Amino acid sequence: MKASSPPTDEKFQIGMLLSDTRYRGTSLQVITFIIFVAVFFWLVDNTLKNLALLGKDVSFNFLFLRAGYDINQRLIPYSSDSTHGRAAVVGILNTLLVAFVGCVIATILGLFVGILRLSKNWLVAKLMSAYIEGFRNVPVLLWIVMVFALLTEFTPAPKAFKGADPQATMLFFDSVAITNRGTYFPAPIFNEGAYWVIFIFILSVFAVIFLKRYVNKLKRETGKDFPTFLVSIAILIFPSTILFFALGSPISLEYPYLKGFNFRDGIHLRNSFLALTLALALYTSAFIAEIVRAGIMAISKGQTEAASSLGLRPNKIMNLIILPQALRIIVPPLISNYLNLTKNSSLAIAVGYMDVRGTLGGITLNQTGRELESMLLLMGFYLCVSLLISSVINYYNRSFQIVVR
Amino acid sequence: MRKSLFMILSSIILIVGGQAAFSGGHSVTLDDVKARGNLLCGVSTGAPGFATVDDSGKDVGFDVDYCRALAAAIFGDPMAVKFVGLTSAVRFTALAAGEVDILARNTTWTYSRDTDLKQTFLGVNYYDGQGFMVKKDLGVNSTLELDGATVCIQVGTTTELNLADYFKENGMSYEPVPTADNAESQQQYLAGACDTYTTDASALHGTRVNLENPDDHLVLPEIISKEPLGPLVRHGDDNWADIGRWVLNALIIAEEKGITQSNIDSWKDTKDAEIHRLLGTGDDDILAMVGLPKNAMYNAIKAGGNYGEIFENNLGATSGINIERGVNASWTKGGILYSPPFR
């Protein structure tokens, strides 16, 4: 140690910043940082100068002005009298809705397809391969347009439901209408007392979970097995049903009905939403399926053999031995697919779905002419969402990683 | 869609990273256009009658012919123009960033576009209004019967705002189906994804005649807004704006005076001094004031004819779209088309 430590009497010279390995690393970093900052400020300065030459300023005041346009799908109250800022929020919520539903469907589908692709059944395995290759190798924009075209071209117009002898009829006892403008479902109406019923139902769900845990614990300790299926069903159904009737049916259904040009009331899932969500989910599920397959195949074959020598059946092996271990490999690449799905949702305008790119980055941008501001906000939004998703899943991932003691 | 986002982003990059475009003084845009050797004209991506591509792959239309006239005025060659197809949503961004020199894309002149968007409108080349097209078997004869209808609408247009205002004023509800351009609207409308398609009435007429069975469709009689359409340029280059404005005016004056594409060479002996100034056959060279050759307007009119001829060829009887001149007739024939004097 003593031999390599620098002699203390050596004078510091400016040239040593580059020639001396002790300082070089730091000084190079400082230089890079200065260059980076300079380029950044040059870009900002140049932008402001060019904007000034065009007679434009940078201002976010437009967010507080009246928007003047309508949005078809809105999760919060919004009208043409609302502000551009609110229109942006409506768009953000629409984006998040597609991203969330899309990720859920993609995960479930991807898991099934990935596992089935490893099936010993030749036909099933080949079918799943075809599914994966088909969806993975065609640009997602084409799938979005394709699903949308299928939904609009092959479904009847609301007009077809009219008349004494209609060409089309509603499904499930006149409760669901599939039209070329979307699918209409009955909407639940919560009257007085409805929240009690929901509360009791949630309690029942917790009760079932506790029961399951207790039975499992008992099984581990005593080896005795209690069948819980029927009891669970009973706990889930009876208390809330009895309360439901005792309170005089506080939850009712509002059925969609045809009036004028369109169906009214009920829940309206627009074709734009369905097409975008389905296409994104199908496309992403193909990638997830491959990740799942890779995760499963990465688990040593010895695990399967050991499990079956213990007498476990194939589905138990998958659920208890393989999947829990495979999840550790699956989760990290899964994150990037969730991010991809969320970012791909900005293709929404292809089918006229009003996501944040359609409201803030489309109509607002165009009506106010604030390109730079809108794009900055838009990029900021996608950045935040992506970072949020990855941090949540990273947290989940850390809690499932093998802890080396 | 990808393309439109790309356009916006590339425009922003131009603003962020590009060198300052205007150094003030003389017309920078004109110099740029001359140096480049062609005019960059932003047109619609497909609006029958205004800007489409014909069977032989040639750009044709009312807006296209205006740009050809402008190119002819500058270069003496109506083909020295490159057309850039722009959707309604990206047009202003593309113009502001200098991707096109002029925007002739059936664009409505409004206060906020003139001021807040920092554009200069060169005049009105078509007085339009917003209309609605429906299928005849829908049984609707007035826009006031459209309560609850699903409406196809192009995003980023004034029609989108008029639509919201009109339905609100009349206490009616509607469901907007936003589309990127005319072609997509048309497809959605035909597929029945919307009950009615609304845009400028001229575009509706243009779209209707190109449908498979035009007689199954009806453009409703109500016009719910004023849509004065015209070419526009960026703020900041007044000389360039003057050039564009006076080429348009020259076409209008030519119709007023009876100068057509075919008889343009027979005016050499006329006693009308304005015609001599316009065609550059007189002694004064007033076009030098804006940096154009003396015979610039001669070339402009020679390119596609006067305003009336351009209208007839693209929107009127010759084109098959059969739009009446109506208010778009010259003021001498009962319309409101009126150019300031060329003097």
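1. In this predicted model, the domain assignment divides chain A into domain 1, covering residues 1-49, and domain 2, which is made of two segments, 84-186 and 255-400. The C-alpha centres of domain 1 and domain 2 of chain A are 49 Å apart.

2. Helix 7 of chain A takes up residues 194-222, and at 1.5 Å a residue its 29 residues should span 42 Å, which agrees with the 42 Å between its end C-alpha atoms. Of these 29 residues the number buried is one, so helix 7 of chain A lies largely in the open, where a buried residue is one with 20 or more other C-beta atoms within 10 Å of its own. Just after this helix comes Gly223(A), which takes a positive phi of about 80°.

3. Where chain A touches chain B, the contact draws 40 residues from chain A and 42 residues from chain B. On the side of chain A, the elements that give two or more residues are helix 2 (21-53), helix 5 (140-153), helix 12 (356-368) and helix 13 (371-400). Helix 2 of chain A gives the most, with seven residues. By residue class, the side of chain A that touches chain B is made up of 15 nonpolar, 18 polar and seven charged residues.

4. Chain B holds an open sheet of five strands, in the order 10-9-11-8-12 and with mixed pairing. Strand 10 (174-179) and strand 12 (217-219) of chain B stand at the edges with a single partner strand each, and therefore one side of each is left without a neighbour in the sheet. From one strand to the next, the twist averages 30°.

5. Within that sheet, strand 9 (residues 149-154) of chain B runs parallel to strand 10 of chain B, and six bridges join the two. Ala149(B) stands opposite Tyr174(B), a residue of strand 10 of chain B.

6. Two residues of chain B deserve a look for their backbone angles. Lys118(B), although not a glycine, has a positive phi of about 55°, and this residue is found in the loop between helix 5 (111-115) and strand 6 (119-121) of chain B. Lys118(B) counts as partly exposed because it has 18 C-beta neighbours inside 10 Å. Asn322(B), also a residue other than glycine, has a positive phi near 60° and lies in the segment after helix 12 (307-314) of chain B. With 13 other C-beta atoms within 10 Å, Asn322(B) is partly exposed.

Methods. Residues are numbered from 1 along each chain as its sequence is written. Chains are lettered from A and ligands numbered from 1 in the order in which they are written. This is a predicted model: local features need pLDDT of at least 70, side-chain atom pairs count only at pLDDT 80 or more; totals for chains, interfaces and linings use all residues. Helices (H or I, at least four residues) and strands (E, at least two) are DSSP runs, numbered from the N terminus. The expected span of a helix is 1.5 Å times one less than its number of residues. A residue is buried if 20 or more other C-beta atoms lie within 10 Å of its own, exposed if 12 or fewer, and partly exposed in between; C-beta atoms are placed from the backbone. Domain bounds come from an automatic or database domain assignment. Two residues are in contact if their C-beta atoms, placed from the backbone, lie within 7 Å. Ala, Val, Leu, Ile, Met, Phe, Trp, Tyr, Cys and Pro count as nonpolar, Asp, Glu, Lys and Arg as charged, and the others, Gly among them, as polar. Two strands pair if DSSP finds at least two bridges between them. Axes are lines fitted to C-alpha atoms, for helices over the stretch in contact, and angles run from 0 to 180 degrees between N-to-C directions.
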